[in-house]
Amino acid sequence: MPGLRNAIFRTAMETLYFSGAHVLMRPLLGGVGAILTLHHVRPPRPDRFQPNRLLEVTPEFFERVIRRLRRSGADLVSLDEMHRRMIEGDFSRRFVCVTFDDGYRDTFEFAYPVLKKYEVPFAIYVATSFADRVGEMWWLALEAVIARNDLISLRIDGRDQFFDCRTVAEKRNLFDQLYWWLRRLKTEDELRHVVRELAARHRVDVVKFCAELCMTWQEIAQIAADPLVTIGAHTVNHVILAKVSETSARSELENSRAVIEAALGTRPEHFAYPVGDKTSAGPREFRIAAELGYKTAVTTRPGVIFRAHAGHLLALPRVSLNGDFQRPRYARVLVSGAATGLWNGFRRLNVA
Ligand SMILES: [Zn+2]
């Protein structure tokens, strides 16, 4: 149902914008700060079938948001500074942190020049298998299989099933269906197994997306040398942590930190849970991150930061800069915190 949910959200955003309600709600929902989530920042592509487009914004939209933030009076700060303010209770000024997930080359190519121009600190959460060129960006493999075929076959419960996907509408529909079916599988192993088989049948190379889209270690080292940049960990294999054993989850959090430290000489102190919604990271993952000594960890649960999050620094919500909402007026609503209030049902803390 992501489409319907987006439609409702968009209508609500328009209503908020035109009613000015976001200004009135600001003291209630604005919290003490916000952490923005970004994935891709890159020029738009013409393809009509882009089911993962919600993970990207254009460089122009990104610059508008950053310019607006710079003028907003909020402090654009690093994760370390956010952490300091949270533990010291220094809430005299509202803060915004800018974060990127996964370690895409377009973060370097398109986002970094904007952030440099406005001198904005930012963080990149690196999944180490992507930089190592062995990671499985399974959601892109699924997209490629559907994009390149009119008919696909998939083994479900030991039986081959066939799906027509000739038109763009059929492709979008099938992607949604299969994506959510995969996300509902009980274990990460099952998910990976299905996608590997699906990709092999349709001659899509699951690991080639890393080389195409992600930064090399050399590029990561180059960007990490800038004092504006914080490199955080994001597991080794980009697994949905809640769907692996406690031992595996712990080693994903530990090993990704070790690999980054070995590559860059700096030990990451901040972490982002892959996928990051409630079905991907919960109390067990928050506890592991705390036990391993991470200073902060972010989810993708939508929301702004409140004082009370000082007691939940390993379960921080974020505000997504989503490709579906690339109109300048949305940026203001998003940053005010009113929009995320819509998502989380006006609950202040969503940490269970
Ligand atoms: Zn990710």
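Predicted model: local features only at pLDDT ≥ 70, side-chain atom pairs only at ≥ 80, totals over all residues.
Planes under 30 degrees apart make a pair stacked, over 60 edge-to-face, and the rest tilted. Local features need pLDDT of at least 70 and side-chain atom pairs pLDDT 80 or more, while totals for chains, interfaces and linings use all residues. Numbering runs from 1 along each chain as its sequence is written, and side-chain values use heavy atoms, with hydrogens and water left out.

**Aromatic rings**

- F175 and Y179 are stacked, at 5.8 Å centre to centre with 20 degrees between the planes.
- These two sit four residues apart in helix α8 (residues 168–184), so about one helical turn separates F175 from Y179. Helices here are DSSP runs of H or I with at least four residues, strands are E runs of at least two, and both are numbered from the N terminus.
- Y179 also pairs with W180: the ring centres are 4.9 Å apart and the planes stand at 85 degrees, so this one is edge-to-face.
- Y179 is buried at 16% relative accessible area, while W180, at 28%, counts as partly exposed. Buried means under 20%, exposed over 50%, and partly exposed in between, using a 1.4 Å probe and protein chains only.
- Ring pairs link F175, Y179 and W180 with F49, W138 and W139 into a cluster.
- Elsewhere, the charged end of R257 sits over the Y294 ring, 4.8 Å from its centre; that label needs CZ of Arg or NZ of Lys within 6 Å of the ring centre and within 35 degrees of the ring normal.

**Zinc site**

- Which protein donors does the zinc ion have? They are D102 (OD), H234 (NE2) and H238 (NE2), 2.0 to 2.2 Å away.
- Donors are N, O and S atoms within 2.8 Å of the metal (3.2 Å for Na, K and Ca), and water is not among the atoms, so sites may look incomplete.
- Along the chain, the donor spacing reads D-x131-H-x3-H.
- D102 belongs to strand β5 (residues 95–102) and H234 to the loop between β9 (229–233) and α12 (246–264), so the pair ties together parts 132 residues apart in sequence.
- Both D102 and H234 are buried.

**Nonpolar cores**

- The largest nonpolar core has 56 residues, and F62 and F100 touch the most other members. A core is a set of buried Ala, Val, Leu, Ile, Met, Phe, Trp, Tyr and Cys residues joined through side-chain atoms within 4.5 Å.
- A second, separate core of 36 residues includes F163, L191, V194 and V206.
- Leaving aside neighbours within four places in sequence, F100 is in contact (heavy atoms within 4.5 Å) with residues including L38, V41, F62, L115 and Y125.

**Around G135**

- G135 lies in the loop between α6 (128–131) and α7 (138–148), and is buried at 1% relative accessible area.
- Not counting residues up to four places away in sequence, G135 touches S129, F130, V206, V207 and C210.
- G135 and V206 are 71 residues apart along the chain, with 8.2 Å between their C-alpha atoms.

**Whole chain**

- The chain has 15 helices and 12 strands.
- Of its 352 residues, 56% count as buried.
- Among contacts with a separation of 6 or more, 73% join residues 24 or more positions apart.

Technical notes:
Phe/Tyr/Trp six-rings, centres within 6.5 Å; stacked < 30°, edge-to-face > 60°.
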